[in-house]
Amino acid sequence: MSISLISISHQNAPLAIRELFAFPEQVQADLMRQMLVRGHASECVVISTCNRTEVYAYSARAEHKFTDMQNLLLEFAEASDVENMGDYVRFYSGTKAVRHLFHVAAGLHSMVMGEDQILGQVKRAHEQARRAGTCGVYLNTLFRYAVTAAKKVKTETDLSRTTVSMATMAVKAAEQTFGSLKGRKVMLIGASGKIGGVVLKNLQCLEGVKVYITSRNLLKAREDRHHKVSYEVMEYEDRYSLTDEMDVVISATSSPHYTLTCEKLAKSLKTSRPRVLIDLAVPIDIEEKVEWLPGVRRYDVDDFQELARANNERKQHEVLAADQILEEIRLDFERWMVFQQALPEIQRMKAWMIEEAEKKGFEKAIDKMFYKIRDHSNPEDLRAFFEHMKED
């Protein structure tokens, strides 16, 4: 009986591979249900973000069959013909799987260390599994402990203070190209999404920038004006007609199709001048071939690795403190899990003690229990057991 994990992330897989596993929510729910239906797990949670797709499973069996889990994942991604797939997949079980989730939730495994968005994504993944009916007592408790640990890291260390997110790096990349975005025109596609919303808030802090957002729902976009974000709203279908005026286009949607293609953009761009196109989506929103167009510089999420590395180096001194917090709470969870799994044995032990007490008295029953502990423990565990009894 253990917890296991299959992980495909920015740490070991390029964007082209991660795109294959960027499942929409309904597909994630179907994947989790199939994990249970096919007997690969008793419980399952899937985390799918722009930088990772991870399948967490609890099984009542002694061992997980990672091959079966991987084959199901490849089936859903239609990626069974990908060469050297083993280079991109990581497997964890037991303590390593638990520790990995704690580090993911706290932002230690994020491209941008300490970023805040991942904790919300972990919580949403857990809630989605609960709605799908694929999450039970073990993964429910694991994810609650992981969220608690991540929150403690955020409040008791500086890891997430002065945080840099993918959204803030996107704005910085545009600023570096032009020196300043003052007086520049920026189109944001996908402003109503989670990442797009953060980009929009970052843009509103810049003096003199002119922001245009596309929206499939103009009524909702106009309601967003109550948040005092200054921008112009345009129909999504009209995006190409204004691209020639734009200095920067940032796209962050969950669309399975391109929001900008090279062919259509080439027809729309009438003037030749520097432009920055930033793609924060997985799968990608902006066709890679747009880089061939004169004056166009395209960024995607993997291009921010260097900026992220500099941010992460500054935060290394906080990692040890975060690790200590995470390890303490991980041990609490694993103690809970051992106890939970031992409940049938505990009930049998209680019944045995009651029976012994009725036959020989309570004191002899207690003595016999301690002899059982002695006879079935190794010396180190036995010594630790009695040392803890002294402390209590």
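Predicted model: local features only at pLDDT ≥ 70, side-chain atom pairs only at ≥ 80, totals over all residues.
Good morning. By helices I mean DSSP runs of H or I with at least four residues, numbered from the N terminus.

I begin with the second largest pocket. Its lining draws at least two residues from each of three helices: α13 (316–341), α14 (343–360) and α16 (379–391). Of these, α14 provides the largest share of that lining, with five residues. The space in this pocket comes to about 520 Å³. There are 13 lining residues, and those closest to the centre of the pocket are Val338, Phe339, Ala342, Ile346 and Phe385.

Four strands form an open sheet in the order β2-β3-β1-β4, and their pairing is antiparallel. At the edges stand β2 (43–48) and β4 (90–93), each of which pairs on one side only. On average, and with direction ignored, neighbouring strands in this sheet are turned by 15 degrees against each other.

Strand β2 pairs with β3, residues 52–59, in the antiparallel sense over six bridges. Within this arrangement, Val46 stands opposite Val55 in β3.

Which helices lie across β2? One is α2, residues 25–37, which lies across β2 and β3 and runs at about 150 degrees to β2. Another is α6, residues 137–156, which lies across β1 (2–9), β2 and β3, and runs at about 40 degrees to β2.

Thank you for your attention.

Notes. Residues numbered from 1 in each chain as written. Heavy atoms only, no water. Pairing = 2+ DSSP bridges. Axes fitted to C-alpha atoms, helices over the stretch in contact; angles between N-to-C directions. Contact = heavy atoms within 4.5 Å. 1 Å grid on protein atoms, 1.4 Å probe; cavity = no way out; pocket = protein on both sides within 12 Å on 5 of 7 lines; lining within 4 Å. Points joined across faces, edges and corners; volume = space filled by probe spheres on them.
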